[in-house]
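Below are my notes on the model, as numbered points. Please read them with the structure open.

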Amino acid sequence: MSNTKNTQESQSSQKSQDSQNSDKTSDDQKAGSRPKPMEVLRQARGQLAELTGMEAESVSSFEQTEEGWALEVEVLELERVPDTMSLMASYQVELDAEGQLTGYRRVRRYERGRSDARRPGGR
């Protein structure tokens, strides 16, 4: 009987801890409703790919704004041989505070093997 009582107390204690952890998680989500930066990057890349049909190769710019997030994403638009002649594009992507895409636009196109000397910072 002693073992049964200890097991019941242990299970009761575990349920209480699980409940407290669940409450804490909910409070954390309410207090910090903004997603983490890596979550935003993944969401942005996925949403842009879904809308354009093109996979993002890299994110060249990423910043938190008052309205949400702003990114510049590099995308392979046209694959050519040799690879250095493939056409790339930079897309400016805007997301709200929850990480949902609110808008995007292509800001430039370029060949993969060429740098753009006219823009500061190699962009």
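1. Tyr104 has a relative accessible area of 35%, so Tyr104 is partly exposed. The classes used here are buried for under 20% relative accessible area, exposed for over 50%, and partly exposed in between, with a 1.4 Å probe and protein chains only.

2. The model is predicted: local features need pLDDT of at least 70, side-chain atom pairs count only at pLDDT 80 or more, and totals for chains, interfaces and linings use all residues. Residues are numbered from 1 along each chain as its sequence is written, and side-chain values use heavy atoms, with hydrogens and water left out.

3. Strand E2 covers residues 68-78; nine of its eleven residues are buried, so E2 is largely enclosed by the rest of the structure. Helices (H or I, at least four residues) and strands (E, at least two) are DSSP runs, numbered from the N terminus.

4. E2 has an antiparallel pairing with strand E1 (residues 56-64) over seven bridges, where two strands pair if DSSP finds at least two bridges between them. Three residues lie between E1 and E2, which form a hairpin. Gln64 has Trp69 in E2 as its bridge partner.

5. E2 also pairs with strand E3 (residues 87-96), again in the antiparallel sense, over ten bridges. Here Leu76 has Met88 in E3 as its bridge partner. Pro82 is in the loop between E2 and E3, and the peptide bond from Val81 to Pro82 is cis, with omega near 0 degrees.

6. How many aromatic pairs are there? The count is two, for rings of Phe, Tyr and Trp (its six-membered ring) with centres within 6.5 Å; planes under 30 degrees apart count as stacked, over 60 as edge-to-face and the rest as tilted. Phe62 and Trp69 are a stacked pair, at 5.3 Å centre to centre with 15 degrees between the planes. Trp69 is buried at a relative accessible area of 4%, whereas Phe62 is partly exposed at 31% relative accessibility.

7. Tyr91 and Tyr104 make a tilted pair, because their ring centres are 5.9 Å apart and their planes stand at 50 degrees. Tyr91 is in strand E3 and Tyr104 in strand E4 (residues 101-111), so the pair ties together parts 13 residues apart in sequence. Tyr91 is buried, with a relative accessible area of 6%.

8. Arg108 sits over the face of Tyr110, 4.1 Å from the ring centre. The rule for a charge over a ring is NZ of Lys or CZ of Arg within 6 Å of the ring centre and within 35 degrees of the ring normal.
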